[in-house]
Amino acid sequence: MVTAAPPLVLRRAPRVRHLGPNWYAAVMGTAAVGSAGAVLPRHTGLLRTGCATVWALSLALLVVLLTARALHWTYHRDQARAHLLDPATAPFYGCLSMALLAVGGGAMTVGRDWLGVPGAVALDAVLFVAGTVVGLAAAVAVPYLMAVRHRIEPGQASPVWLLPLVAPMVSAALGPLLVPHLPPGQPRQTLLLACFALFGLSLLATLLMLPLVFARLIVAGPLPLALTPTLFLVLGPLGQSTTAVGAFADIAPGVVAAPYDRGFVVLAVLYGVPVMGFALLWLAFAAAHVGRARRRGMGFTMTWWGFTFPVGTCVTGAAALARHTGLAAYDWLTVGLYGMLVAAWAAAAVGTVRGLVSGELLAAPRTAPAAPRPVTGRTTSDAVR
């Protein structure tokens, strides 16, 4: 059982006591708006500047959140431990990895306009290494905690469980941006194949987890209203894996020997087309659930940021298919999905600002009604609200 923090500790950085790792989703979603805008089929200088500005905002948010979370771990370790021991919150530690990677990747796509290529490469290299290490740690540690420390019932399966497993896929999709900046030969080939290994790691782990999520929806019914937006998280591994195979195909010629370079090009189409088809099916399925939840009174929570980054991965995935198939339909799909991404980002950003101004998002959780004490004790926290 987690004991209350001493009053002196509570007086130190009190506003970050209830700041959970889910807040990194705001960084991910903001970075996605900037990076995804760079792959649109037609863009002007004004759009490019706007994307760079949004990316700069994501970088600033990342710095602020890293500082706030450092204060959280320094002064509120009881709550930080509760987050790790809560099966509803621990998976959000994958968001730290993806936030680092998304900002680093954005530096290479749009941030280089302001940083210059050497500065963008240096920033991305640091964030890529840090994000990949954190992502691999989360991909092992969170499922381990779920297996040996958390007490989970089948009806508790949630799309949130995918978060630590998707983080290596983000590394796989963004790592190829650094390949051309390595010395030719072994260094470039090593990074590309390492990214391909991360692709396989994340894909197979996701295929193990996704059936649990879908079975829970079919057997136990819709998710609670506040968690309904997390259904969009399933789009993350779908769109990001399509983006990844497209990136491999872009960079493989001259990096890996024939015929494997052509194999990556074939994979980009034969894998990407059916997976993007399933992503669109899931998008319609998730949107129907969200519409139902809104009719039943679903209000804003931080889970609304789940509408952003996963859709952003589908934007970049559709753009990759447009490059490798030459079909105009994928160009139109890219534009349509990007419009959805911007609308979702605006809604989540407005709700977050309002919640911060009112103090509601950083307030202590409301006291729940009394309930019988469970036979097996489990710690809980309040990162999702």
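Predicted model: local features only at pLDDT ≥ 70, side-chain atom pairs only at ≥ 80, totals over all residues.
Trainee: Where does valine 256 lie, and which residues does it touch?

Mentor: Valine 256 lies in the loop that runs between helix H9 (235–251) and helix H10 (260–295). Leaving aside residues up to four places away in sequence, valine 256 touches Gln189, Leu192, Leu193, Asp261 and Phe264. For one of these, leucine 192, the C-alpha atom is separated from that of valine 256 by 8.5 Å, although the two residues are 64 residues apart along the chain.

Trainee: How are phenylalanine 196 and phenylalanine 199 placed along their helix?

Mentor: The general idea is that an α-helix has 3.6 residues a turn, so residues three or four places apart point the same way. Here, phenylalanine 196 and phenylalanine 199 both belong to helix H8 (residues 186–220), where they are 3 residues apart, about one turn of the helix.

Trainee: How many aromatic pairs are there, and how are the rings of these two arranged?

Mentor: The count comes to 13 aromatic pairs. In the pair formed by phenylalanine 196 and phenylalanine 199, the ring centres are 5.9 Å apart and the planes are at 15°, so the pair is stacked. Ring pairs also link Phe196, Phe199, Phe248, Phe264 and Tyr271 into a cluster. As for accessibility, phenylalanine 196 counts as partly exposed at 31%, whereas phenylalanine 199 is buried, with a relative accessible area of 6%.

Trainee: How many cavities of 30 Å³ or more are there, and what is the volume of the largest?

Mentor: Rolling a probe the size of a water molecule over the atoms shows where empty space is left. In this model the count comes to 2 cavities of 30 Å³ or more, and the largest cavity has a volume of about 220 Å³. It is lined by 21 residues, of which Ala25, Cys95, Leu163, Leu233 and Gly306 are the closest to its centre. Among the elements that give two or more residues to this lining are helix H2 (24–37) and helix H5 (93–115). The lining residues divide into 16 nonpolar, 5 polar and no charged.

Trainee: Why is H2 described as largely enclosed?

Mentor: H2 is largely enclosed by the rest of the structure because 14 of its 14 residues are buried. As for its length, at 1.5 Å a residue the 14 residues of H2 should span 20 Å, and this agrees with its end C-alpha atoms, which are 20 Å apart.

Notes
Residues numbered from 1 in each chain as written. Heavy atoms only, no water. Helix = DSSP H or I, 4+ residues; strand = E, 2+ residues; numbered from the N terminus. Contact = heavy atoms within 4.5 Å. 1 Å grid on protein atoms, 1.4 Å probe; cavity = no way out; pocket = protein on both sides within 12 Å on 5 of 7 lines; lining within 4 Å. Points joined across faces, edges and corners; volume = space filled by probe spheres on them. Nonpolar A, V, L, I, M, F, W, Y, C, P; charged D, E, K, R; others polar. Phe/Tyr/Trp six-rings, centres within 6.5 Å; stacked < 30°, edge-to-face > 60°. Buried < 20%, exposed > 50% of the residue type's maximum accessible area, 1.4 Å probe, protein only. Expected span 1.5 Å × (residues − 1).
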